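This report covers selected contacts in one model. Look at the structure, then read on.

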Amino acid sequence: MLDIRFIRENQLQLQQAAEQKRIEVSIEELLRTDEERRKMLAEVERLRQERNRLSEDIPRQMRAGNKTGAERLKEQAKAVGHELTENEPVLAGLEQQFRRLMQLVPNIVSADTPVGATDADNVEVKRVGTPATFAFEPKDHVTLGETLGLIDIPRGVKTAGSRNYYLKDAGLHLHRAVQQLALDLLVRKGFTVMDVPLLVREETLNVAGFFPGGQEQTFRLPEDNKWLVGTSEASLIGYYTDEIVDVAEPIRLAAVSNCFRREIGSAGRDVRGLYRVHQFAKVEQVILCRGEDDVSERMLQEITGNAEELLTMLELPYRVVAVCTGDMGQKNYKQYDIETWMPSRDGYGETHSSSNVRDFQARRANIRYRDEDGKLQMCHTLNNTAVASPRILIPLLENHQREDGSIYIPPALRPYMYGMEAIEPKPQL
């Protein structure tokens with residue numbers, strides 16, 4: 001959510017952002033509703049003050065023995081009450097309409113965000129590492145996982161339906177290992193790590209900027225009026241809702257959690273394997289900092305660098321792309337995606353995302369700090385996927401496969417893999 005004064009001053013820019021992000025909202029209608037709301041609010045407040053004045057004057061007239069004057073005031077109070085009865089529902093309707101439209105207004109985008117319609121228009125910023133080449137016919141992660149006894153998708157589908165899976169033995173160990181490696185990396189960098197609620201109230205997803213608009217991708221438990229989070233970012237933002245925080249030093253938070261997404265609209269896309277599934281795990285970074293663009297830009301580079309450092313430790317080739325306007329979510333001001341080389345796709349696939357949200361979430365969540373003059377200001381917030389699994393298992397298995405059917409394990413993961421240097425094929429009986 002943005003400040004209404006900012007919206008008034010940047011109407012054209014925000015309407016353009018809405019069109020670029022494909023969000024159906026009229027900034028003109030919002031401002032017109034706001035003007036009507038403020039006029040009606042002033043009128044209702046005037047009438048309430050008049051009613052209160054009359055309520056005080058009537059007893060005084062009665063005590064003074066002026067029954068005629070008291071009756072006249074009663075008639076006036078009745079007329080005022082009638083006007084209030086008519087105007088208060090109108091005000092409530094305008095307030096509701098105003099809140100609905102405010103919830104739809106997107107964040108502006110940074111000056112260096114590329115303009116485009118889809119992810120095909122994202123712009124490569126840098127490329128690190130060389131895509132793997134093989135002297136043999138490489139296998140995809142599904143074949144590797146099934147052959148080595150790491151993944152069982154058919155039984156996942158049998159048990160839970162499409163886009164579900166089992167991870168077994170070294171597959172599970174690898175899944176847990178990348179998460180713990182990421183968590184340990186962030187602990188060394190001063191992050192406070194958390195286990196967070198995964199089943200949250202609707203308001204939590206509203207203040208984090210996932211609703212409205214994201215309901216169709218989110219699993220709901222209607223009897224409890226709760227939702228399963230698609231990322232622990234929502235829970236981490238919710239942690240400081242309605243609080244005044246100290247951001248003399250940026251607040252660095254990290255959570256490791258399961259995540260759940262319905263993947264509505266992705267029918268036929270990435271149906272093979274572990275790329276697009278309903279349940280996965282993430283280590284998420286969230287930062288709260290001062291509401292200054294240079295500070296939050298520095299934090300964006302920091303959290304993106306943390307994800308890059310992890311990929312370097314995993315010895316995986318990747319590239320960083322600046323996400324274009326049409327591929328960017330409502331709340332994001334500036335976004336990078338990190339795409340890791342996946343041989344089975346003969347290309348890069350998204351594995352990480354970093355976003356600077358500026359004060360969009362903090363304004364919804366009412367997360368503030370005091371500046372040097374003691375004045376309350378809205379924080380800036382940022383988020384990044386340190387690692388998401390099992391998607392990261394795709395490049396790990398595919399890039400590190402060897403001709404004998406084994407999978408090389410990078411040294412950074414070995415302490416979490418019981419010292420294993422490779423995942424070896426099981427001997428044939």
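Which residue of strand 7 does Arg 201 stand opposite? Lys 226 faces Arg 201 there. The model is a predicted one.

**The sheet.** Strands pair through backbone hydrogen bonds, in parallel or antiparallel fashion. Here three strands build an open sheet, ordered 5-7-6, with antiparallel pairing. Strand 5 and strand 6 are the edge strands, and each pairs on one side only. Strand 5 and strand 7 run antiparallel and are joined by three bridges.

| Strand | Residues |
|---|---|
| Strand 5 | 199-201 |
| Strand 6 | 220-221 |
| Strand 7 | 226-228 |

**A helix pair.** Helix 7 spans residues 170-188, and helix 10 spans residues 293-313. Their axes come within 11 Å and cross at roughly 130°. That angle makes helix 7 oblique to helix 10. The crossing is right-handed. Helix 7 brings Leu 181, Ala 182, Leu 185, Leu 186 and Arg 188 to the contact. Helix 10 brings Asn 306, Glu 309, Leu 310 and Met 313. By class, this contact has six nonpolar residues, one polar and two charged.

**Salt bridges.** Side chains of opposite charge can pair when their charged atoms come close. The structure holds 31 salt bridges. One of them joins the side chains of Asp 34 and Arg 8, at 2.9 Å from N to O. Asp 34 sits in helix 3 (residues 27-63) and Arg 8 in helix 1 (residues 4-9), so the pair ties together parts 26 residues apart in sequence.

Conventions: Residues numbered from 1 in each chain as written. Predicted model: local features only at pLDDT ≥ 70, side-chain atom pairs only at ≥ 80, totals over all residues. Heavy atoms only, no water. Pairing = 2+ DSSP bridges. Helix = DSSP H or I, 4+ residues; strand = E, 2+ residues; numbered from the N terminus. Axes fitted to C-alpha atoms, helices over the stretch in contact; angles between N-to-C directions. Parallel < 35°, antiparallel > 145°, perpendicular 65-115°, else oblique. Left-handed = near helix turned anticlockwise from the far one by under 90°. Contact = heavy atoms within 4.5 Å. Nonpolar A, V, L, I, M, F, W, Y, C, P; charged D, E, K, R; others polar. Salt bridge = Lys/Arg side-chain N within 4 Å of Asp/Glu carboxyl O.
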